[in-house]
Amino acid sequence: MANPGYGKRSAPAQHPRSDRDFAHLPPREASIAAYIDRLPDGADISVKTLAKVLPYGQCALRTALNRLQDAGHLRRGSECIANDEALLWVTRTFFSRTARDDAWWAAFTRGDVPPERRQHQHPTRSRAFVLLAALGRTVPALTLSAADCAALEPQVTDWFERGATEAEVLHALTDGLPTPVHHAAALLRRRLTDKMPPERVAPAPQRTVLRALECSECRAPGSPEALIGGRCGPCRGNPAEAPAGPDGTIPSTGVRTRMSEVRAAMIPRTERKHR
């Protein structure tokens, strides 16, 4: 095993092991890849360590690892890890049993590789197909074949894309059925067409915008209506309005002047100590 934080790291979303793994590689590279694939994460896969257990010299192993990298099975790099004291950059050797192209490795480096579907896995049925296939469990007269479900699947998908819920689709398909139902698929196709709901446009989310404008010259804040052309009335040459309020109220244009006079009349702290 390598020192903590170093060594082999398995890439995510690999296909299950099979007898055909690494069959596209030359025999030497395939045997080395198969050995590395079965090592646990954290194992030391430097050429010096591999040369002690494999029948190849360090030069041959170095060449083989480079070829594995060219084939998309291996990438060398670094990764930031955190401990209780600091963030550390450590060397990593990432290995993938499944060959990957440069775009995949670039996405893996960014951390946004989506999980892949495993091989030999049954295809996932759509939401619409599952609903149609389950109709016969609640209404036996609407039992459909697999072919009927696949044929009606696009229409039910259109309902879902228009915002319909499963309950709404089921109500449209099962409410007020005739007795008997002679052809379930034809009946459902007609109902899906005739009862297609209108598109539901989701309202745009309301955003609260906190924003204030100010005069481009004196920097005084004001409403957009007062700041014509980006300037307030006094800066545009308009006479200042009479101050509103009780007698002695200081106009807004004289606040800074008055504050300067007050500061000038204040005794500095250094002089207060001497007194």
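A polar contact is a pair of N or O atoms within 3.5 Å; within protein, one must be able to donate a hydrogen and the other to accept it, and residues adjacent in sequence count only if both atoms are side-chain atoms. Here is one case: a polar atom of the Q14 side chain lies 2.4 Å from the backbone nitrogen of R97.

This is a predicted model, where local features need pLDDT of at least 70, side-chain atom pairs count only at pLDDT 80 or more, and totals for chains, interfaces and linings use all residues. Residues are numbered from 1 along each chain as its sequence is written, and side-chain values use heavy atoms, leaving out hydrogens and water.

Q14 sits in the loop between strand 1 (8–10) and helix 1. Helices (H or I, at least four residues) and strands (E, at least two) are DSSP runs, numbered from the N terminus. Q14 counts as buried because its relative accessibility is 10%. Buried means under 20% relative accessible area, exposed over 50%, partly exposed in between (1.4 Å probe, protein chains only).

The arc is that of the directions from the helix axis to the C-beta atoms.

| helix 8 (residues 166–174) | V169, A172, L173 | 95 degrees |

Which exposed residues does the face of helix 8 turned away from its buried side carry? That face carries A167 and H171. Just after helix 8, G176 takes a positive phi of about 65 degrees.
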